[in-house]
Amino acid sequence: MKRTLGRSGIEVSALGMGCWAIGGPYAGGDNQYGWGRVDDAESTRAVRRALELGVTFFDTASSYGAGHSEVVLGRALGADRDRVVIATKWGFTFDERTREALGTDSSVAYLRSCLDGSLRRLGTDHVDLYQLHLGDLPVAEALDLVAPLEDLVTAGKIRAYGWSTDDPERAAAFAAAGPHCAAVQHDMSVLADRPAMIELCERAGLASINRGPLAMGLLSGKYADGRTVARDDVRSQSYDWMTYFRDGAGAPEWLARVEALREVFATGGRTPTQGALAWLWARSGATVPIPGFRTVAQVEQNAGALAQGPLRPDEFAAVEGLLADLRVASVA
Ligand SMILES: NC(=O)c1ccc[n+]([C@@H]2O[C@H](COP(=O)([O-])OP(=O)(O)OC[C@H]3O[C@@H](n4cnc5c(N)ncnc54)[C@H](OP(=O)(O)O)[C@@H]3O)[C@@H](O)[C@H]2O)c1
């Protein structure tokens, strides 16, 4: 199953792999931004297994693991780099050596220098999709970056670009300003539909790259047993956007919805994570979910969703019937 990255025409597997967790822990002061300890050897095997299973799209960011995610991904892809489409992001500053998150930088100079750092860590001469990571940046500041991004396309250092933002108005303004803007990356899952963003993507020819497609792991159903994540896992933090986890455990009101979905997905022979991905494909032809992973087994299960494709219309209707008024409020 394939999808196109909006008007760029770049073809990708309908499933991408989100590479945040494989960056390992990184922190800024007392704030944890990683997903706790990971095993680089297992991350490498997981990337290689994704390739074997037909996945050709990988999403990372310069800041994940303060550069470490890009290093692990680049090494794992090795000589297969040209078989895949790599998306990365810039905007957050960090210290690669100490694995510290420092702050943000929206300047043109940082856009360029951060790209050079990503190319070095990924071991490549171009990035396929370069994404602005600062979701709340004022539109005027983002628009100042469009001409430099178009120059980078001309120079062959990037093929297309996009904005990682949950705000459809920001995304629309960015897309209108530059012909090589091809995607918006935004939060979306069966628990958080985003009608205004989907409408924009379909109308403007943008890929809807879905971050958090498994509600940070909650949609797997495994947090129903009350287990908690490690203290250096971002899900143990009380950020105001941490909807699905509270004190490192699945939030009870959301766990109840995940349990209700399990049965609908099982009737189609899907695991809960496969059902969550299939819902996204059924929702729009523009969506490209990028579930995070930390093991080969997770990659195998998530890539297994590709074989069955989108939910059937009756399955989709059953989900809508269950969740009608029980979703995260939309931002627009
Ligand atoms: N601002 C931004 O641009 C931004 C923000 C967030 C994310 N993203 C991107 O979106 C990607 C995905 O979002 P996300 O990582 O927040 O969350 P997600 O994809 O909703 O959840 C990923 C987590 O779910 C668990 N999981 C995955 N497959 C599983 C399976 N088959 N069975 C059981 N558990 C499974 C794993 O964690 P455990 O095993 O530890 O539970 C995994 O790390 C990120 O990797 C990143 O590339 C971008």
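A residue is near a molecule or strand if one of its heavy atoms lies within 4 Å of it. This is a predicted model, in which local features need pLDDT of at least 70, side-chain atom pairs count only at pLDDT 80 or more, and totals for chains, interfaces and linings use all residues. Residues are numbered from 1 along each chain as its sequence is written, and side-chain values use heavy atoms, with hydrogens and water left out.

**Stop 1: the ligand**

Select the ligand and the residues around it. There are 31 such residues, of which Asp-59, Ser-164, Leu-214, Tyr-223 and Arg-235 come nearest. Coloured by type, the shell divides into 13 nonpolar, 12 polar and 6 charged residues. In this scheme Ala, Val, Leu, Ile, Met, Phe, Trp, Tyr, Cys and Pro are nonpolar, Asp, Glu, Lys and Arg are charged, and the others, Gly among them, are polar.

Next, show helix α10, residues 296–303, which supplies the largest share of the shell, 3 residues. Helices (H or I, at least four residues) and strands (E, at least two) are DSSP runs, numbered from the N terminus.

Now select Pro-213, Leu-214 and Met-216 and display their backbone atoms. A backbone N or O atom of Leu-214 is 2.7 Å from an oxygen atom of the ligand. For Met-216, a backbone N or O atom lies 2.9 Å from a ligand oxygen, and for Pro-213 the corresponding distance is 3.4 Å. The protein buries 92% of the 900 Å² that the ligand exposes when taken alone; accessible areas come from the Shrake-Rupley method with a 1.4 Å probe, and for residues only the protein chains shown count as cover.

**Stop 2: salt bridges**

Side chains of opposite charge can pair when their charged atoms come close. The structure holds 26 salt bridges, each a side-chain nitrogen of Lys or Arg within 4 Å of a carboxyl oxygen of Asp or Glu.

Select Asp-116 and Lys-157, whose side chains meet in a salt bridge at 2.8 Å, N to O. This pair links distant parts of the chain, 41 residues apart: Asp-116 sits in helix α3 (residues 108–122), and Lys-157 in the loop between α5 (146–154) and β11 (158–164). Asp-116 is partly exposed at 39% relative accessibility, and Lys-157 is partly exposed at 26%. Here buried means under 20% relative accessible area, exposed over 50%, and partly exposed in between (1.4 Å probe, protein chains only).

Move to Arg-170 and Asp-167, a salt bridge whose closest N and O atoms are 2.7 Å apart. Are the two partners buried or partly exposed? Arg-170 is buried, with a relative accessible area of 19%, whereas Asp-167, at 21%, counts as partly exposed.

Then select Asp-225 and Arg-227, which form a salt bridge with closest N and O atoms 3.0 Å apart. Asp-225 is exposed at 53% relative accessibility, while Arg-227 is partly exposed at 38%. For a network, select Glu-70, Glu-96, Arg-120 and Arg-121, which are joined by salt bridges that share partners.

**Stop 3: cysteines**

How many disulfides does the rule give? The count is 0, a disulfide being a pair of cysteine sulfur atoms within 2.5 Å. Cys-19 is buried, at 1% relative accessibility. Finish at Cys-201, where the closest cysteine sulfur, in Cys-181, is 9.5 Å from its sulfur, again too far for a bond. Cys-201 is buried, with a relative accessibility of 1%.

Note on methods
A polar contact is a pair of N or O atoms within 3.5 Å; within protein, one must be able to donate a hydrogen and the other to accept it, and residues adjacent in sequence count only if both atoms are side-chain atoms.
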